[in-house]
Structures are given as C-alpha cells and as structure tokens.
Protein chains: 2
Amino acid sequence: MADVAKLAGVSHQTVSRVLNGAPHVRPGTRDKVLAAIRELDYRPNSAARALVTRRSQTLGVVSFASTLYGPASMLDGIEQAARSAGYFVSVASLRSLDARSVQEAVDRLRDQGVEGVAVIAPQISAVGAVARLSSSVPVVAVGSGSRSRVPMVAVDNLTGATAATRHLLDLGHGTVHHVAGPAGWLETQDRLDGWRRTLEEAGAPVPQVYSGDWSARSGYEAGLRIAADPEVTAVFCANDHMALGLLRALHEAGRPVPGEISVIGFDDIPESAYFTPPLTTVRQDFGELGRRALELLVEEVAGVGHARSHVLVAPEMVLRRSTGPARGLA
Amino acid sequence: MADVAKLAGVSHQTVSRVLNGAPHVRPGTRDKVLAAIRELDYRPNSAARALVTRRSQTLGVVSFASTLYGPASMLDGIEQAARSAGYFVSVASLRSLDARSVQEAVDRLRDQGVEGVAVIAPQISAVGAVARLSSSVPVVAVGSGSRSRVPMVAVDNLTGATAATRHLLDLGHGTVHHVAGPAGWLETQDRLDGWRRTLEEAGAPVPQVYSGDWSARSGYEAGLRIAADPEVTAVFCANDHMALGLLRALHEAGRPVPGEISVIGFDDIPESAYFTPPLTTVRQDFGELGRRALELLVEEVAGVGHARSHVLVAPEMVLRRSTGPARGLA
DNA sequence: GCTTGCCATGTGAACGCAAACAATTACACT
DNA sequence: AGTGTAATTGTTTGCGTTCACATGGCAAGC
C-alpha cells in the first residue's frame, strides 16, 4: 500500500480511503490512486484488514450429507447470497451428526474468524448443540424443522406433508402409508406429524410407519414390505430418493403405480419427473432456502434485531403420474 | 495473548512458542501457559497470524454446477482432505463457465488470501483461464479431462468410455449409440473419444451422436429420437442422469430395456441401482477424486515439485440389468 | 574458576491496514 | 479582509501475532 501511495503522490491513508469508498476524496486524487493501484496490480491484504477491523468478511457453513441434492443446493444458494452480500464462505462438513462434531465444526469456523455461521444440519441434536454455543457468533439453521431455538429458515414441512396426504385422501384412498426419514431429523418429525394429523383429522386409520434413511436403498427395502401388504393403496414418502426405491420395489413385485398403489414424494429433485412413473411430489426450493437463510444471517451479523427469526417457506405440490384414484374409483 | 502471558507469568513470546509447539519450552512452563489458556478460553487470532506468517491456512475451491452429485461429492472429498491437512476451505461457485467468471472467482479467492485453489470446473475454457493465472497461486483441476495444462486429478474417462462401449459390443450389438454431454466439457470430449475409438477399432459403424446437457430432461429428449430409430439396440450415455431420462423415453415408447435396447450410463450415482431397470454404468469415485486433488494441491502449496501432476483414477464398471445381449442372440 | 555452548526465556520490531486525530486548504458568507 | 465551516489530506497509533535477536542461567570441559 505504501508503494501505491508513493506512486500516486499521496499518503497511505488516502489510498485506504479510496479503497473503502470513503467520502471527501477529490476525484482527481481518486483517479491518481486508482491508476497507481492498477499500475502496480496492488491487492489489499485481507488479513491485515481483518486484523484491524475485526471483521473477516467471512461466513461459515456447517453442512451435513452435503453430497445430497438438498444440502448441496442449499449450500449453493448460501454461497450465491453470500457473494452478493460481500462475504466469503468457508465450509466445514460433518461426518456425523453428534453434538461433539457440530461443536467441533463450529469451533473450527470460529477460530478462523467467521462472523456468522449457517448450519445445514437438520438433526435435532445438532440444532441443540448449535443453540448452546450461538452466544459467541450469530448462527442460523437452514432447512431444519420448526423446533429450533436459533433463528432458522425452512420449508413448511407440516403444510407440505399435509398437502401430500390430503391429496391422496382426496383421491379416494382409505388411508395413506408413510415412509419416514431417519429418526432424529427435524424434517422427519414434521413430515410425520403433518401426515399423522391429516389422517386423524380425516378420520382415517393411522397405519404403521416405515422408516428409511433418505436413500433409495432404504426406500427399496421399505418397498419390499409394502409390496407384500395388499392393504396398501397409497404411500407418502418423506423424500424423492426413497420414493424411487419404493417405485422400484413395487415394480419388481408387479404392483403397478398408480394402478394399484399411488406414491407421492417430497423435494422434487430434478430427476423426479423422469422416474417410472414420473413422481408426484412436494417441491421445496432448496436454493431459495439457502438464500433466505443467508440474508437472515447477514442481518444478525449486522446486529439487526431478530424480528423475523423463523422463516417458513411454503412448499408447492407438483402433480405427476405416480398418483391416481383408489382402486374401484377409476 | 498478553492476558494469557500475564496470567501464566511469562512473556507473550513464550505463549506463542507453546501455541506453535516450538522446542525449548520447559514442561512446567508449558503447563502453566496451557492452564492460563484454558482458564481464559483464549483463542488465537487467525488474522493476526496470517498477517505475519503470510499463510492463511485456507484453500479455495472454485466449483461449478455444485448441486449435481459429482461436483458436490468432489467438494465434500476436498473438504475432508483439507481438514485433515489442517486447512480451511473457502468456496466460490460459478454461475457460468466463461473465462471471465472463472477469472473473477479465482481473483475473489486470491483476494481472500487462499494459499491454493482447486477448480471443479470441467470445461475446456475454464481450465484454460485457470492455467493462465495460476502464476500467483498454485492451482489444481479436479475431475476434468486430460488436456489440462495445470496439474489435475480425474477419472480416466477414456478408459471408462472404452469399457462401456466394449461391453455393449461384446454383448453382440452391431454398434453403440452415444448420448454425449454438452460441448466444451472435458468429460464430454474424452468419453466421446473413447467411444468413437472403440467403435472404430472394432470396425463398427460410428453413428450420429446425440447431445445433452447432463440433465435427465436432455436424456429424455435424446431418448425420444432414439426410440423412434429402429436401428438402435445399444446406447452409451455420458452420465447416469441422462440415462434416466433415456430410460423414461424408451419406456414411454414401449421399447423394453434391455430387451430391445441396452443402456449403459456413467458415474454410478447412488440412485442408479434403483432405476427401472437398474442401470449398468461406469463408477467414478468422486469423493476420492476430491481427496486426491487436495493432496496434490497441498504438495504444490508446500512447494514440492510437480512429479505426479496428472493423476488418473481408474473407473470401474458396474453391471446391472439395463444391458443385455443384442436381439436375436438371447 | 573461567570459558564455551546450549537451553530457556524475554525484548523489540514488523506484518499491512484502518481509526482517531491533526492539519491544511477551499470556499462561502459577513 | 476576516471569520467560520466543510472538504480534503496527512500523521500517528495499534490491531495480535511471529520473527530476529538479546539475555541470563546452568552444565561440561579445561
């Protein structure tokens, strides 16, 4: 910076002012400085700036299962929004979701000097852990269920699950079976609740719940059991990947979809439209979730009050061919 | 740090020595310092350290299409490896792949002070852009094709494509059609080359190439045209998502797979085993790719020579039910 | 007993920048 | 011309580390 100042014939402070867009710099002076900067290909040193301003311009993201479509999309949305807000993004991904790992990841990010952390870790224990240490750095949760003590942005899983269940009921199905996500996840819980409540309100029996781990494989395994149950005519899968596995199992068992069994998923991953048959599902816009979360985080970092700490984004049902009227009603 | 020094009754320099594991610190002294650190919950300031050491302990990742399974998995692998190597990871994702965007992303990272950059940007133009500016910071490319001028780690697309094509030929198919990825991608080119070369070596006719953009939708569109062509009995898709779309189109057109047409994909995403029918494909271990790339980058940063600058990871064929003998041979 | 040399620790700078404050200049208005 | 105010620029300080060097102590060797 001293070199730039010398070349431009001003003090380093004036260079600093130009760099930071401070007022009261004469245009001519600014131009000289700018020219010198270009001439020397000068780059401000972010470490020095961070040291004195105590602001790193960096936000942290704790992410889990980041190879899945949902988390990856949220991360992408976060990065986009962070960039427009002028922040860098540092990632720490989790291998497991216990409180210790989360603690560790957040510590790691904090040691790096991030000004805030977004957590894509939709497990109940994780959110608890995060809440406990959010004292030192602002934290927001992304895509988690509704019970978090920290500010968060999520899709309205309850409403989505209700819509899905309702849809199948309206099609004339006596009840709707459910393939849930793994225990401990906030999404799992909310979708389960929405499903159960809708059934109860409709006076429909609440059948036993099948449980998976979000993977197609687990959906397939649930599907094998479902296919063997002649009672089942409608299934709500807690995500599209499991629905894919379910579809596969049903196909192998010679149970036509939607002829004998209707299937609805959740997420609307880009592939869902090309399943066999194309999957009716509940769309959540993960990218949007990430963006909104980041906006919230930026507000927190800036010290704006937590006016709208809990943001719920409405999901949207996407009708395709995997759902149809109950048998005998066609 | 001064507080810690005072509490421990030593100088700040001794605290620094303890922190950095420097030799010549008496165990008793070390313990006192450690105790003081714990007592005060002291955290070293990374900005100050970066300022004086000129090392940020941060590596950058430029990523494109990071919501796709491949890039997301590579990012994940990179993050893992970076953590074990003691580095933080900062991400910059690209919206478009022109040289300007890449330039911008790398600049952004460099301004942040990263010590090296891994580029998940498998487009020819991107790699060119990166090569040009790799002077200031070490750069490695991940998952790109083989023609890059910067060090890189990739799956051996040529071999993979050859194996896929060979497999179908061996099954008795007269030739193999190809649904390629978008132009300009290194993977696209290498898989295309492998396919074409294998056909030529086998003396099989080289049919017209269908082109997609990696998405299931584009595979579906190619599939519509392929289904209408009675000549086609075997198709090699440049990735699994397009294969899914193709499968869908074939199914709709009443062309059984593998009865009438065999289909093979590339990638082996976790869902491929649950397609209808389960997809034969060529597996690439994206996570491993990311890890290897990061190791290479760390070596570069450390200044170790470029002995093994180009790492090719062998892909592995996964046989499932979407491929079978040619008609008349069953 | 007095050097020699290694250990253990302390002292003073410097890293590159922005904040606080000081100084100078320009301009309007009396 | 004289005063006041705002605009523009400069000077100094310190952010929290590590680095280079200085210092004191203690053991071994003569």
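In chain B, B:Val142 sits opposite B:Val153 of strand 5. Strand 4 and strand 5 (residues 152-155) of chain B pair in the parallel sense over two bridges; to count as paired, two strands need at least two DSSP bridges between them. Strands here are DSSP runs (E, at least two residues), helices are runs too (H or I, at least four residues), and both are numbered from the N terminus.

Strand 4 of chain B also pairs with strand 3 (residues 116-120) of chain B, in the parallel sense and over three bridges. There, B:Val117 is the residue opposite B:Val139. From strand 4 (residues 139-142), B:Val139 and B:Ala141 point one way, while B:Val140 and B:Val142 point the other way, and all are buried. Buried is under 20% relative accessible area, exposed is over 50%, and partly exposed lies in between (1.4 Å probe, protein chains only).

## About the model

This is a predicted model, where local features need pLDDT of at least 70 and side-chain atom pairs count only at pLDDT 80 or more, while totals for chains, interfaces and linings use all residues. Residues are numbered from 1 along each chain as its sequence is written, chains are lettered from A and ligands numbered from 1 in the order written, and side-chain values use heavy atoms, with hydrogens and water left out.

## An open sheet in chain B

Four strands of chain B make an open sheet in the order 7-6-8-9, with parallel pairing. Strand 7 (210-211) and strand 9 (262-264) of chain B are at the edges with a single partner strand each, so one side of each has no neighbour in the sheet. Strand 7 pairs with strand 6 (residues 177-180) of chain B over two bridges, and B:Val179 stands opposite B:Tyr210 there.

## The nonpolar cores

The largest nonpolar core has 84 residues, and A:Ile226, A:Val263, B:Ile226 and B:Val263 have the most contacts inside it. Such a core is a set of buried Ala, Val, Leu, Ile, Met, Phe, Trp, Tyr and Cys residues joined through side-chain atoms within 4.5 Å. Apart from it lies another core of 78 residues, including A:Val282 and B:Phe266.

## Where the chains meet

On chain A, 50 residues are in contact (heavy atoms within 4.5 Å) with 50 residues of chain B. Six salt bridges are found across this interface, each a side-chain nitrogen of Lys or Arg within 4 Å of a carboxyl oxygen of Asp or Glu. The side chains of A:Glu79 and B:Arg108 meet in a salt bridge, at 3.9 Å, N to O.
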